[in-house]
Amino acid sequence: MGKRFTLTWDKFGSNSEKLFNRSRIFGQFKRIWIVKDVGALRRAAKNFSRRKMRGLMVIIALGFSMAIMISIPAGIMANQEATQHLTENFNSTITSMQEEINKTATLIECRTSGRSMSSGMPMGMPPFGQEERFINETVIADIASMDGIKDIVRFLEQSSEETTSETISEPGGRTFTISRPLYTIMGVSLNSSLISGYSILPANITAGRNLCDGDSRVLIMSSNLSDYLGLQVGDKIEVYGESFTVVGICEVSRQGRMETRVVYMSIFDAQTITGNSGNVSRLDIYAEDVSDVDVIADYIEAVYPELYVTTYQDRLESLSSMQTMYSTTLENAESTLAQTQSLATQEIIVVIAATSLIILFVMLYTVRERTREIGTLKALGFSNWNIMSQFMLEGILISLVAGVAGIAIGSLGAPFLSSLLLPHVSLFGGSSSGGFRPGFGSTNPVVIGSETAAATLSLPLVLLAFGAAVLLGALGSLYPAWRAAKIKPAEAMRYE
Amino acid sequence: MSELILKTEKLTKVYNMGKRKVTAISGLDLQISKGEFVAIMGPSGSGKTTLLNVLGCLDKPTGGTLLLDKVNVSELHEKKLCEIRRNKIGFVFQTFNLLPYLNAKENVELPMECTKRSKSEREKRARELLAMVGLSGREEHRPQKLSAGEQQRVAIARALANDPAIVLADEPTGNLDSQNKYEIVRLLGNLNITKGTTIVMVTHDSQIASQSERVLLLSDGKIMKEKQGLHLVKKKLMCPYCGSRIQLSDVRCPSCRKRL
């Protein structure tokens with residue numbers, strides 16, 4: 001054992017006789033290692049600071065390479081996360097819609113305008129620039145006289161008088177300004193048997209109470225509206241010149257770019273204040289049995305052509321078309337991601353090559369410039385190994401400092417750098433629930449959910465960058481250091 | 001004759017310049033004893049620097065033997081040569097070759113870095129050596145803050161760091177004005193007298209060469225002529241010009257006022 005040690009350590013230093021002595025072995029180890037005292041390291045640091053401007057330029061150049069090296073994986077990770085998020089959203093949206101549709105198999109929805117088709121949740125968007133139309137309640141009596149009708153729920157949907165102008169930014173960086181009503185008034189029947197039997201009122205009350213039978217001149221509003229107006233439960237609000245008390249605040253489940261702000265009140269109040277007495281904008285007709293749905297729907301469509309009728313079947317079709325569309329979006333997102341990844345791999349290889357080349361050239365130049373110094377050191381008794389480790393250490397030191405600079409640049413500029421270097425992945429998809437509309441290709445695309453990929457640096461990534469810095473420093477300075485070690489002292493002394 | 005520190009027999013160095021062969025040293029026999037102060041003179045191209053490089057193990061001879069402190073150096077390979085350079089030889093260069101980013105003390109510590117001396121020992125020795133060459137108080141100065149003469153003093157202190165058997169000085173006064181030239185050669189002479197350091201100095205300046213104890217005239221890679229220098233007399237603390245007693249610290253002879 002001792003023999004083996006002797007042989008091994010002897011390569012690096014003399015005096016290997018008493019190697020059984022532990023401290024001696026350690027001493028020999030220190031001898032091999034450049035850090036035996038910090039002379040080489042200190043020289044490396046001093047040398048680096050000797051040419052401040054050049055050092056700074058090298059650090060900036062390398063720093064940017066390093067920043068790119070960490071920004072790209074950060075961007076990829078963000079894109080992966082966004083895609084995964086999108087998939088999850090998509091799946092849960094489809095599931096919840098499916099459930100909603102299944103629950104309301106007997107529902108025949110009749111609207112006065114064809115802009116929206118809600119699956120039971122009365123939270124559609126108001127039609128931009130489209131006239132709001134109404135039908136008279138007298139039709140209810142006519143429809144109700146049909147066989148197989150269980151219940152008819154009336155809704156009056158009306159835009160607020162106030163409008164807001166909002167700027168919407170797309171993930172692509174485009175922005176546009178739209179003007180829309182401040183909120184939508186949703187007048188609902190507060191008949192206790194209806195509100196307990198069907199999902200008419202919002203389910204998610206976060207403050208105060210829900211509406212109940214007999215409520216008058218009170219309303220509940222969506223949290224986005226209460227936030228916008230700075231109102232709380234118990235506050236008063238003027239709607240169409242009439243004073244209302246806020247009794248509850250409900251959560252809007254939709255996470256789209258443009259959330260609808262809604263107030264719910266009794267349909268009687270809504271009709272009165274908007275001057276629409278006897279008018280409704282939507283009827284939810286519930287059949288006794290699923291088998292009756294088609295007959296009833298056909299009848300309504302035939303007698304009242306101004307009504308847009310949708311049934312369970314229509315909603316299923318719409319869901320499946322939405323599913324197809326979402327799948328396409330997802331596939332696109334995934335294939336973009338795959339392309340992005342392969343591009344990122346190429347870019348990283350290029351950056352690694354560039355970084356090592358920068359280090360290589362800088363170190364080669366340094367070695368050339370300091371040929372005399374190398375000759376002197378050799379004349380003073382420095383071994384090839386001493387010289388080589390000196391220059392390796394310098395290369396690693398440069399890349400370490402550059403690594404710190406890279407992390408600094410990267411932490412500030414990772415989103416920018418990754419969006420600059422990677423194709424832009426804009427992902428649109430579904431949210432957990434909410435109204436959707438069939439015509440996605442229409443002029444005003446409603447984005448139900450969107451994901452923007454913002455690259456952020458994580459700790460493992462930073463550690464990886466440091467590892468890469470050391471590795472590249474060693475890699476790039478290997479050849480120059482070897483060249484330096486192989487310089488013949490006599491020739492080096494002649495070198496000018 | 002005292003102990004031989006350096007001995008060459010038929011030492012030859014031939015450079016291959018493409019197809020042409022250039023003989024820099026041809027069959028040179030040389031013996032230098034311990035404690036000698038030898039100057040090698042010769043016109044440019046006579047092989048002075050090549051000889052010094054071969055003697056200093058910076059270059060390998062093509063033929064012949066070189067015994068340094070009784071070790072046949074011509075047979076050793078690079079790893080051992082590096083140890084010899086570190087422990088047996090001190091170099092002084094014409095262009096001083098101090099590392100510009102290290103101060104005087106750190107430059108002197110440099111050759112000790114690869115030895116077993118501890119950091120504090122090294123610092124202590126560097127201070128002592130700098131004091132010996134008359135630079136105490138200037139340990140923290142970087143080379144650019146020192147005059148040419150002072151830089152060469154630092155270089156001499158550095159050459160002495162590992163207690164070498166022999167100091168090889170290649171045109172040590174070549175880059176200095178006449179005032180500094182004499183100071184440096186006097187410093188080398190005094191070190192030779194007080195410390196018994198063996199010194200081999202290459203120069204083309206006959207004034208400087210004559211300050212040594214033995215001057216070898218080199219021509220076409222051979223020693224053509226050998227003569228005595230003034231140093232032998234100085235060693236006895238006598239003025240070589242008038243024979244009166246002198247002190248080592250004297251710059252001029254107290255009686256004849258000639259520069260020593």
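Let me start with one residue: Phe37(B) is buried, at 0% relative accessibility. Buried here means under 20% relative accessible area, exposed means over 50%, and partly exposed lies in between, with a 1.4 Å probe and protein chains only.

Before going on, the ground rules. This is a predicted model, in which local features need pLDDT of at least 70 and side-chain atom pairs count only at pLDDT 80 or more, while totals for chains, interfaces and linings use all residues. Residues are numbered from 1 along each chain as its sequence is written, chains are lettered from A and ligands numbered from 1 in the order in which they are written, and side-chain values use heavy atoms, with hydrogens and water left out.

Back to Phe37(B). This residue sits in strand 3 of chain B. Helices (H or I, at least four residues) and strands (E, at least two) are DSSP runs, numbered from the N terminus. Leaving aside neighbours within four places in sequence, Phe37(B) has contacts that include Val185(B), Leu188(B), Ile199(B), Met201(B) and His231(B); contact means heavy atoms within 4.5 Å.

Now chain B as a whole. Chain B has eight helices and 10 strands, and 53% of its 260 residues count as buried. Of the contacts between residues at least 6 apart in sequence, 65% join residues at least 24 apart.

Which order do the six strands of the open sheet follow? In chain B the order is 6-7-8-3-9-10, with mixed pairing. Two strands pair if DSSP finds at least two bridges between them. Strand 6 (89–92) and strand 10 (222–228) of chain B are the edges, each pairing on one side only. From one strand to the next, the twist averages 20°. Strands 6 and 7 of chain B are parallel and share four bridges, and Val92(B) has Ala169(B) as its bridge partner in strand 7. Helix 1 (residues 48–55) of chain B packs on this sheet, touching strands 3, 6, 7, 8 and 9, and its direction makes about 155° with that of strand 7. Axes are lines fitted to C-alpha atoms, for helices over the stretch in contact, and angles run from 0 to 180 degrees between N-to-C directions.

Over to chain A. Helix 10 (residues 312–369) and helix 12 (residues 384–421) of chain A pack at about 145°, with axes 12 Å apart. Among the residues that meet there are Leu343(A), Ile359(A) and Met363(A) from helix 10, and Phe391(A) and Ile398(A) from helix 12.

Also in chain A, strand 9 (residues 236–239) has Ile237(A) and Val239(A) on its covered face, with Lys236(A) and Glu238(A) on the uncovered one. Strand 9 runs antiparallel to strand 10 (residues 242–250) of chain A, joined by four bridges, and Val239(A) stands opposite Glu242(A). The hairpin of these strands has two residues between them, and Tyr240(A) takes a positive phi near 50°.

Last, cysteines. How many disulfides are there over all chains? The count is zero, where a disulfide is a pair of cysteine sulfur atoms within 2.5 Å. For Cys253(B), the nearest cysteine sulfur is that of Cys239(B), 3.5 Å away. Cys253(B) is buried at 0% relative accessibility, and Cys250(A) is buried at 2%.
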